[in-house]
Amino acid sequence: ILFRFYPSEGALLEAYSIGEVESINTISAQKTTYVSRPESVLRHTTLPRIFGVFFNQNQATVFTQKEVRDALANVTDRKEIIDTVLGGYGTAIYGPIPASFLGQSEPTQASTTMASRITVAQAALKKAGWKPGKDGTLEKKVGKTTYKLAFSIATSNAEELARTAAIIKSQWEKIGAKITINTSEQGDFNQTILRPRKYDAVLFGEVIGRDLDLYAFWHSSQRNDPGANIALYTNSRADKILEEARTTTDQTAQFSKIADFEAEISKDNPAIFLYSPEFIYLLPKTSQNFQMQKPTDPSARFAKIPS
């Protein structure tokens, strides 16, 4: 096997189009229709990576109002994001681990129209005391505090994330929210926004390891950098479940604990989980006995190759 490396996706696709290489992977979903050819076959499978919007209730107190988090979750159309941004090569997720990695089917959103979900969300907010302000943005007064349904979403300037943020903004503003999108170069984003937790909400991705350990992402002890609990989630029962899940060596028991944790976190909605991208692999039809496993990273495609 001969490996060739290229400085950009464009150079890689050019090399593939002229037959310089036979197989390519990790290309953007939008490019697959342009490079597929009769002698090739496209394989794809879900990666253990999750993308979502994580709420920082410490900085944006509007998110301390649970009806707000619930309403935003209700009007999030994952299918629109997957079809528009990922070209259909993604799996809608509703929890911190893709269900397929637990041997389960991913739950689906209720088969209702966006219009009906907007109506339900608006009714719930109105019942909880939210009313349009002078500029049309929803407001709620609690004692001497006036909450305004206005916040920013921070993310990196990667094309996939920037486009996803724009779709979410459009969806959420239909219920009376006012949203600003702040994008930064990846290095600046990590150092000045993500690590010091300087955001109202953040659109970001997490790579779940082979052991499916969620401790670093959700345990309350990991709220500050270098921990990865970017929702700053605190729940003592959830902490206990995560501690038990990472100490068991029995996979069935671990999966049971993960299910318990997912049930607990779904009550709180500290984040809105969006999708897991798919690993895309183009290879020649002449390849024999290729089996697409659940890869933890792209190099895992060679895990069962004869030596």
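Helix axes here are lines fitted to C-alpha atoms over the stretch in contact, and the angles between them run from 0 to 180 degrees between N-to-C directions. Helices (H or I, at least four residues) and strands (E, at least two) are DSSP runs, numbered from the N terminus. What you're looking at is a predicted model, in which local features need pLDDT of at least 70 and side-chain atom pairs count only at pLDDT 80 or more, while totals for chains, interfaces and linings use all residues. Residues are numbered from 1 along each chain as its sequence is written, and side-chain values use heavy atoms, with hydrogens and water left out.

Let's start with a helix pair. Helix α3 (residues 66-74) packs against helix α5 (residues 114-127) at about 175°, and their axes are 9 Å apart. That angle makes α3 roughly antiparallel to α5 (the label goes to angles over 145 degrees; under 35 is roughly parallel, 65 to 115 roughly perpendicular and the rest oblique). Look for E67, V68, A71 and N74 on the α3 side, meeting R117, V120, A121 and L125 of α5; contact means heavy atoms within 4.5 Å. Sorted by class, this contact has five nonpolar, one polar and two charged residues. Here Ala, Val, Leu, Ile, Met, Phe, Trp, Tyr, Cys and Pro count as nonpolar, Asp, Glu, Lys and Arg as charged, and the others, Gly among them, as polar.

The peptide bond from D225 to P226 is cis, with omega near 10°. L232 is found in the loop between α8 and α9 too, and L232 has a positive phi of about 50° although it isn't a glycine.

Now for α9 itself. Helix α9 (residues 236-247) packs with helix α10 (residues 251-268) at an angle of about 165°, their axes 9 Å apart, so α9 is roughly antiparallel to α10. On the α9 side, the contact uses R237, A238, I241, L242, E244 and A245, and α10 supplies Q254, K257, D260, F261 and E264. Those residues split into five nonpolar, one polar and five charged.

Finally, a pocket. The lining of the second largest pocket has 26 residues, with I27, S28, L86, E160 and P277 nearest its centre. Elements giving two or more residues to that lining are β3 (49-55), α6 (159-172), β10 (201-207) and β11 (271-284). (On a 1 Å grid over the protein atoms alone, a pocket is an open set of points where a 1.4 Å probe fits, with protein on both sides within 12 Å along at least five of seven lines; lining residues have an atom within 4 Å of a point.) By class, the lining holds 14 nonpolar, four polar and eight charged residues.
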